[in-house]
Amino acid sequence: MKLNSAKTVGTSLIAGVAVVLASCGGGQQQQQMPVPQIATMTVEYGNSELESAYPVTIKGRTDIAIRPQVSGFITKVHVDEGQQVRKGQVLFTLDQVQYQAAVDAAQAAIRVAESAVNTAQLTADNKRRLYDKNIISEYEWQMADNQLKQAKAQLASANAQLVTAQKNLAYTVVTAPSDGVIGSIPNREGSLASPSSMEPLTTVSDNSEVYAYFSLNEKDILGMTDNGARSLSSSVDAMPPVSLRLANGEIYPEKGKVATVSGVIDNTTGAATVRALFNNPSGMLRSGSTGSVLIPNSFEKVIIIPQSATSELQNIRFAYVVNDSNKIVATPIQVSPISDGKNFIVVSGLEAGQRIAVEGVGTSVRDGITIQPVDASTQPQGAPQAAPDAAKE
């Protein structure tokens with residue numbers, strides 16, 4: 001009985017020691033959990049220039065669809081796709097046989113009509129002399145004079161037919177209506193060209209200047225005109241030069257100017273069409289290209305914060321203010337609709353001198369947690385962030 005009692009006491013002591021060690025270990029582990037280091041910034045009033053980006057479609061100053069004015073088989077294509085051409089340069093030649101024959105026939109008809117006029121003129125002159133001598137009646141002279149007029153009318157008709165035939169013959173040589181660049185050429189030698197064809201022979205784009213078309217919604221238009229305080233034309237004239245971001249992300253070296261804003265807002269899109277003009281001396285920009293037009297917006301004495309330092313919940317945007325106890329306070333803010341895709345202009349909700357978290361928003365930064373703030377300007381790029389659940393109040 002004593003042996004069993006000793007064993008029981010020993011077992012109890014071992015279990016008690018294990019419980020104490022376990023509790024001590026857990027306490028040490030809980031004490032060692034670090035407070036996350038989060039990059040912060042102090043918001044201040046300042047001046048800034050944000051660029052609003054709008055997707056654009058680029059078109060040449062003139063994009064002329066080249067269509068034949070007469071029907072005929074293409075006998076020669078004188079240019080190639082992408083070639084720079086001058087006004088009046090020959091692009092295509094159509095089969096000229098039937099149109100040359102029409103010119104020859106019209107010229108022959110003119111010679112016949114001229115002979116008829118000469119004969120009628122002699123007859124009329126002779127009848128006039130006989131009428132003046134009272135040898136023939138006025139009726140006979142009038143008939144001769146009418147025949148002369150008829151012959152002259154037939155000559156005029158023959159001349160008109162010659163003009164038409166010559167123009168049709170000239171239309172078989174298709175020339176460039178302006179300087180520009182040749183587009184695609186879907187039909188080659190041997191293909192039938194017709195004015196009624198849906199597809200043009202090619203397109204000549206004058207790219208010495210290009211138009212960049214984009215859209216502004218109704219709010220943008222109201223903001224541009226100060227809610228109607230200024231006219232749309234004066235607002236367009238006062239707009240600063242704009243830039244063009246190309247499809248590869250590069251900025252086009254030439255600045256552009258907003259030229260027109262349509263006076264009608266499309267009911268289906270709720271937007272007005274805007275046209276900006278860019279010089280294109282090198283021919284880099286082509287019709288059909290895409291990109292984004294960048295419109296600068298200058299602001300004075302405003303608070304600018306990174307968009308990544310905010311989150312949105314149920315149409316309410318929050319910034320994460322760090323109070324004097326280094327605790328995160330989710331603060332509702334209002335921002336301007338104008339942004340450059342990277343920063344927000346804070347209209348209300350923040351004051352100069354407040355600190356906000358600029359990293360970990362939506363992951364490790366949450367309302368109510370305590371952090372160890374680190375000045376974002378001194379934090380090295382790519383510094384690792386603390387685990388989301390590492391902080392406890």
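A pocket is an open set of points on a 1 Å grid over the protein atoms alone, where a 1.4 Å probe fits and protein lies on both sides within 12 Å along at least five of seven lines; its lining residues have an atom within 4 Å of a point. With that in hand, welcome to this structure. It is a predicted model, in which local features need pLDDT of at least 70, side-chain atom pairs count only at pLDDT 80 or more, and totals for chains, interfaces and linings use all residues. Residues are numbered from 1 along each chain as its sequence is written, and side-chain values use heavy atoms, leaving out hydrogens and water.

**The largest pocket**

- The largest pocket has a volume of about 630 Å³, where volume is the space filled by probe spheres set on the points, with grid points joined across faces, edges and corners.
- Its lining has 23 residues, and Y54, D220, M224, N297 and I338 are the ones nearest the centre.
- At least two lining residues come from each of β2 (45-66), β9 (202-217), α4 (218-224), α5 (232-238) and β13 (290-306); helices (H or I, at least four residues) and strands (E, at least two) are DSSP runs, numbered from the N terminus.
- By type, the lining of the largest pocket splits into 11 nonpolar, 7 polar and 5 charged residues. Here Ala, Val, Leu, Ile, Met, Phe, Trp, Tyr, Cys and Pro count as nonpolar, Asp, Glu, Lys and Arg as charged, and the others, Gly among them, as polar.

**The second largest pocket**

- The second largest pocket holds about 200 Å³ of space, and its lining includes I64, R67, Y171 and P177.
- β2, α3 and β6 (173-175) are the elements that give two or more residues to this lining.
- The lining of the second largest pocket has 9 nonpolar residues, 2 polar and 1 charged.

**Helix α2 and what follows**

- α2 has 36 residues and spans 52 Å from first C-alpha to last, close to the 52 Å expected at 1.5 Å a residue; the expected span is 1.5 Å times one less than the number of residues.
- Just after α2, N134 takes a positive phi of about 60°, and N134 is exposed, with a relative accessible area of 67%.

Conventions:
Buried means under 20% relative accessible area, exposed over 50%, partly exposed in between (1.4 Å probe, protein chains only).
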